[in-house]
Amino acid sequence: MGAQKILLFLDFDGVMHAVDDPHLFGHEEHLARVLTDFPTVEIVISSAWRKTNTLANMKKFFLTDLRARVVGVTPVFRIGEANTSVTPGARYHEIQRYLAASCDPGRPWIALDDDPVFFPPGCAELVLCDPKFGFGPGAEVRLRAALTALI
């Protein structure tokens, strides 16, 4: 039996780079080095950027081999006319919809994000980043531990 395939739901702002950092995707190479140790991880973009960019366009943002691992985007969760940026648990619900629509809804997953309000309190699948820095050493340790636990 092959290694367990894992989905990584990836936010951009506050993860791939610090929030408001003009040097976009500054942490991409660091994340790529980490995921080299976990070859079965595939990436689904959960960032708000998916609302204004196509999947093909967002793949072009990646300059490392992460580009080849991007397999999709989460659907946009809407509650009436509510602003999804302030809807508690919105990203979690988008991830659940993505999983339900996939051919493997029980597949293990991790979300790499900087905003806990998008997830239920205590969400075990959430690896939180500091939005002022992005994907840093602490988040790396937590991501490695979470991925190792799923293998």
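Me: Which residues of H5 are buried in this predicted model?

Reply: The buried residues of H5 are Ala139, Glu140, Leu143, Ala146 and Leu147.

Me: What puts these residues on the same side of H5?

Reply: Around the axis they cover an arc of only 135°, which puts them on the same side of H5. On the other side of this helix, Pro137, Val141 and Ala149 are exposed. The buried residues pack against E1, H1, E2, E4 and E5.

Me: How do you know that the span of H5 agrees with its 14 residues?

Reply: The expected span is 1.5 Å times one less than the number of residues. For the 14 residues of H5 that should be 20 Å, and the end C-alpha atoms are 20 Å apart, so the two agree.

Me: Why is Ser47 called buried?

Reply: A residue counts as buried under 20% relative accessible area. Ser47 has 0% relative accessibility, so it counts as buried. Ser47 lies in the loop between E2 and helix H2 (55–59). Leaving aside neighbours within four places in sequence, Ser47 is in contact with Leu10, Asp11, Phe12 and Arg91.

Me: What makes the buried residues of H1 lie on the same side?

Reply: In helix H1 (residues 28–36), the buried residues are Glu28, Leu31, Ala32, Val34 and Leu35. Their arc around the axis is only 160°, which puts them on the same side of H1. Glu29, Arg33 and Thr36, on the other side of H1, are exposed. The buried residues of H1 pack against E1, E2, helix H3 (66–69), E4 and helix H5 (137–150).

Me: What is the order of the strands in the sheet?

Reply: Five strands form an open sheet in the order E3-E2-E1-E4-E5, with parallel pairing.

Me: Why is one side of E3 and of E5 left without a neighbour in the sheet?

Reply: Strand E3 (70–73) and strand E5 (126–128) stand at the edges and each has a single partner strand, so one side of each is left without a neighbour in the sheet. From one strand to the next, the twist averages 25°.

Me: How do you know that E1 and E4 pair?

Reply: Two strands pair if there are at least two bridges between them. Strand E1 (residues 6–10) and strand E4 (residues 109–113) have four bridges, in the parallel sense. Phe9 stands opposite Ala111 in E4.

Me: Which strands does helix H4 touch?

Reply: Helix H4 (residues 90–101) packs on the sheet and touches E1, strand E2 (41–45), E3 and E4. The direction of H4 makes about 145° with that of E4.

Technical notes:
Residues are numbered from 1 along each chain as its sequence is written. This is a predicted model: local features need pLDDT of at least 70, side-chain atom pairs count only at pLDDT 80 or more; totals for chains, interfaces and linings use all residues. Side-chain values use heavy atoms; hydrogens and water are left out. Helices (H or I, at least four residues) and strands (E, at least two) are DSSP runs, numbered from the N terminus. Axes are lines fitted to C-alpha atoms, for helices over the stretch in contact, and angles run from 0 to 180 degrees between N-to-C directions. Contact means heavy atoms within 4.5 Å. Buried means under 20% relative accessible area, exposed over 50%, partly exposed in between (1.4 Å probe, protein chains only). The arc is that of the directions from the helix axis to the C-beta atoms.
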